[in-house]
Amino acid sequence: MYIYNVTVNIEESIHQEWLTWIKAHIPQVLGTGKFEKATLTKVLVEEDMGGVTYSIQYKSYSREALDAYYREDAEKLRSDGMKKFADKMLAFRTELQIIDEYTVNFK
């Protein structure tokens, strides 16, 4: 299983507008059928550059599904945000491979 992680730093001046937009954008990414779920998190570190930082983690079904997302959907979905917020946000993407998952079982 793979996680496609998008970390975004947003200028304070557009923070609320971006947050509203991303909450509509995430279902569009999930609508591609390449991911089983997404988690939106706020990064709790104060950045030297200012702004507010978020991480969106999309859990893919497989490596093949993630590659298909890159081929078929990523460019259009990325450009939507860039057109709207251009120089007011900075985004970078990472891929994570899940090796094991653990849970606590209280009995």
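This is a predicted model: local features need pLDDT of at least 70, side-chain atom pairs count only at pLDDT 80 or more; totals for chains, interfaces and linings use all residues.
Me: Which residues have the most contacts inside the largest nonpolar core?
Reply: Those are Trp18 and Tyr58, in a core that has 23 residues.

Me: And which elements give two or more residues to this core?
Reply: They are strand E1 (2–10), helix H1 (15–30), strand E3 (52–60), helix H2 (63–72) and helix H3, and the largest share, 6 residues, comes from H1.

Me: What does tryptophan 18 touch?
Reply: Leaving aside residues up to four places away in sequence, Trp18 is in contact with Val8, Ile10, Tyr54, Ile56, Phe85 and Met89.

Me: OK, how many cavities of 30 Å³ or more turn up in the whole structure?
Reply: The search finds 1 cavity of that size, and about 180 Å³ of space lies in the largest cavity.

Me: What lines the largest cavity, by class?
Reply: Its lining has 13 nonpolar, 2 polar and 2 charged residues; of the 17 lining residues, Val6, Trp21, Ile22, His25 and Arg93 lie nearest the centre.

Me: Switching topic, where does alanine 86 lie?
Reply: Alanine 86 is in the loop between helix H3 (74–85) and strand E4 (89–97), and its phi is near 30°, a positive value in a residue other than glycine.

Me: Why does alanine 86 count as partly exposed?
Reply: Because its relative accessibility is 37%, which falls between the 20% limit for buried and the 50% limit for exposed.

Technical notes: Residues are numbered from 1 along each chain as its sequence is written. Side-chain values use heavy atoms; hydrogens and water are left out. Helices (H or I, at least four residues) and strands (E, at least two) are DSSP runs, numbered from the N terminus. Buried means under 20% relative accessible area, exposed over 50%, partly exposed in between (1.4 Å probe, protein chains only). A nonpolar core is a set of buried Ala, Val, Leu, Ile, Met, Phe, Trp, Tyr and Cys residues joined through side-chain atoms within 4.5 Å. Contact means heavy atoms within 4.5 Å. On a 1 Å grid over the protein atoms alone, a cavity is a set of points where a 1.4 Å probe fits but cannot get out, and a pocket is an open set with protein on both sides within 12 Å along at least five of seven lines; lining residues have an atom within 4 Å of a point. Grid points are joined across faces, edges and corners, and a volume is the space filled by probe spheres set on the points. Ala, Val, Leu, Ile, Met, Phe, Trp, Tyr, Cys and Pro count as nonpolar, Asp, Glu, Lys and Arg as charged, and the others, Gly among them, as polar.
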